[in-house]
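Here is a short tour for anyone meeting this chain for the first time. Take a look at the sequence and structure, then read on.

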Amino acid sequence: MLDYKLDEALRSLDGVQLAKVAGRLVRVSGMLLESLGCQRSTGQRCRVEQADGSLLDAQVVGFNRDITYLMPFKKPVGLAAGSRVFPAKDEAVLQIDESWLGRVVNGLGEPLDERGKLSGRDPLPVELPTVNPLKRRPVEAALDVGVRAINGLLTLGKGQRVGLFAGSGVGKSVLLGMITRQTKADVVVVGLIGERGREVQEFILHSLGEEGLRKAVVVVAPANESPLMRLKATELCHSIAAYFRDQGQDVLLLVDSLTRYAMAQREIALALGEPPATKGYPPSVFGMLPELVESAGNGESGSGSLSAIYTVLAEGDDHQDPIVDCARAILDGHIVLSRRLADVGHYPAIDISASVSRCMSQVGEAPHLAAGRQFKEFYSTYEKIKELIPLGGYTPGMDAKTDRAVQLAPSLERFLRQEVGASAELGASIATLQSIIK
């Protein structure tokens with residue numbers, strides 16, 4: 001018996017770690033850390049010793065010969081030259097199921113709502129989901145978002161990906177909240193990326209509400225988070241939405257905003273030395289945006305739907321901004337909000353002349369599509385001569401089309417306006433549109 005215990009004790013010594021491998025910190029430049037001696041692959045994690053003895057989690061984002069570049073998940077506190085860098089264990093794969101509904105998490109899937117640890121029965125893939133384009137289910141059914149101007153003139157489909165384009169302070173987030181409350185979906189996944197921290201609680205209380213939160217998952221990475229956390233949070237909300245889609249649910253994904261995701265990647269890429277291209281954005285940004293957007297949309301036959309709405313910030317109201325231009329090209333439609341309309345109290349400030357839904361022809365019936373085209377034609381005609389009417393520049397009877405546009409102008413204006421708390425169902429919106437254009 002004694003010999004057996006002695007042999008067992010000797011065998012246990014084989015598992016004793018005689019030395020702990022560690023690298024050392026050699027340079028800190030902004031949020032980018034450089035280390036030597038801690039060889040890890042890109043995407044793997046390290047832990048950096050701080051002045052107070054705590055360990056800072058970081059991820060390998062690049063390397064240059066023997067130097068490994070790290071990006072921390074949180075703001076560093078008291079780093080010094082020579083601080084030890086330890087290789088971290090491979091991160092555990094997140095487990096997800098319906099218990100995630102009603103929860104608020106950060107970019108790493110850690111709960112922020114103080115309601116206990118998250119768990120689940122199914123693994124959540126680390127990489128962005130992909131769908132074979134030949135197997136992707138087409139957009140065939142209309143999506144009711146409860147906004148009359150969108151339902152009637154820019155009808156969206158289940159599985160469509162669309163952008164809300166506007167400058168700052170024009171009402172993107174308010175309109176997004178309005179769509180959140182009124183869209184009919186089984187699951188709502190919200191990504192609040194790089195926005196003001198004040199808006200997180202307001203969005204949960206006023207836009208989702210208690211009933212809306214029960215069927216929602218909110219992923220938060222406000223502006224004071226590191227760029228890596230903003231990237232992780234955006235990709236996590238896409239993975240969560242794809243999971244529920246593959247479970248057969250109709251999912252609505254809301255991301256506020258796509259521009260902050262691009263800015264986060266710009267910070268990381270420039271820190272790594274990637275050369276800036278258009279307006280300071282490096283080429284990698286324009287490669288990551290399509291990859292992100294393509295992970296949304298419908299899945300294969302037999303799965304549910306995944307409709308995605310992204311807010312896109314047009315800096316300085318420049319709609320030729322590189323991110324706006326890129327998003328316009330890769331999304332299935334764009335809804336442009338006009339500062340001119342917002343300044344005169346027109347809400348929602350949707351510029352229907354500059355907006356388009358590329359899936360409207362697939363989900364709308366012929367009478368509806370015809371009425372929508374005529375509405376836009378009359379509205380555009382009236383907008384051209386509106387400023388001339390007070391000056392006496394318009395003479396009735398000179399052009400029948402113009403006369404009809406002026407006659408319908410009050411009805412067109414009423415159709416496009418809607419109070420924040422009001423709801424306009426898809427069927428009612430189409431019926432009102434067709435009654436105007438008789």
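This is a predicted model: local features need pLDDT of at least 70, side-chain atom pairs count only at pLDDT 80 or more; totals for chains, interfaces and linings use all residues.

Residues are numbered from 1 along each chain as its sequence is written, and side-chain values use heavy atoms, with hydrogens and water left out.

**The whole chain**

- The chain has 13 helices and 18 strands; these are DSSP runs numbered from the N terminus, with helices (H or I) of at least four residues and strands (E) of at least two.
- Its C-alpha trace spans about 110 × 45 × 40 Å along the principal axes.
- Of the 438 residues, 50% count as buried (buried is under 20% relative accessible area, exposed over 50%, partly exposed in between, using a 1.4 Å probe and protein chains only).
- Among contacts (heavy atoms within 4.5 Å) with a separation of 6 or more, 71% join residues 24 or more positions apart.

**The sheet and the helices on it**

- Eight strands make an open sheet with mixed pairing, in the order S8-S14-S13-S15-S16-S12-S17-S18; two strands pair if DSSP finds at least two bridges between them.
- At the edges are S8 (103-105) and S18 (356-357), each pairing on one side only.
- Strands S13 (residues 187-193) and S15 (residues 250-256) run parallel and are joined by six bridges, and Val189 has Leu253 as its bridge partner in S15.
- Helix H8 (residues 322-330) packs on the sheet, where it touches S12 (161-166), S16 (305-313) and S17 (333-336), and its direction makes about 160° with that of S16.
- Helix H4 (residues 198-213) lies across S8, S13 and S14 (216-221), running at about 170° to S14.
- For these angles, axes are lines fitted to C-alpha atoms, for helices over the stretch in contact, and angles run from 0 to 180 degrees between N-to-C directions.

**A mostly covered helix**

- In helix H3 (residues 172-182), eight of the eleven residues are buried, including Leu175, Leu176, Met178 and Ile179.
- The cover over those buried residues includes helix H2 (148-153), S12, S13, H4, S15 and S16.

**A loop residue**

- Lys215 lies in the loop between H4 and S14 and is partly exposed, with a relative accessible area of 26%.
- Not counting residues up to four places away in sequence, Lys215 touches Leu101, Thr183, Ala185, Asp186, Val187 and Val188.

**Pocket and cavity**

- On a 1 Å grid over the protein atoms alone, a cavity is a set of points where a 1.4 Å probe fits but cannot get out, a pocket is an open set with protein on both sides within 12 Å along at least five of seven lines, and lining residues have an atom within 4 Å of a point.
- The largest pocket holds about 1,200 Å³ of space, and of its 43 lining residues the closest to the centre are Arg45, Gln59, Glu91, Val126 and Lys232.
- Helix H5 (227-246) is among the contributors to this pocket's lining, and H5 gives the most, with six residues.
- The largest cavity has about 40 Å³ of space, and S15 provides the largest share of its lining, three residues.
- Volumes are the space filled by probe spheres set on the points, with grid points joined across faces, edges and corners.
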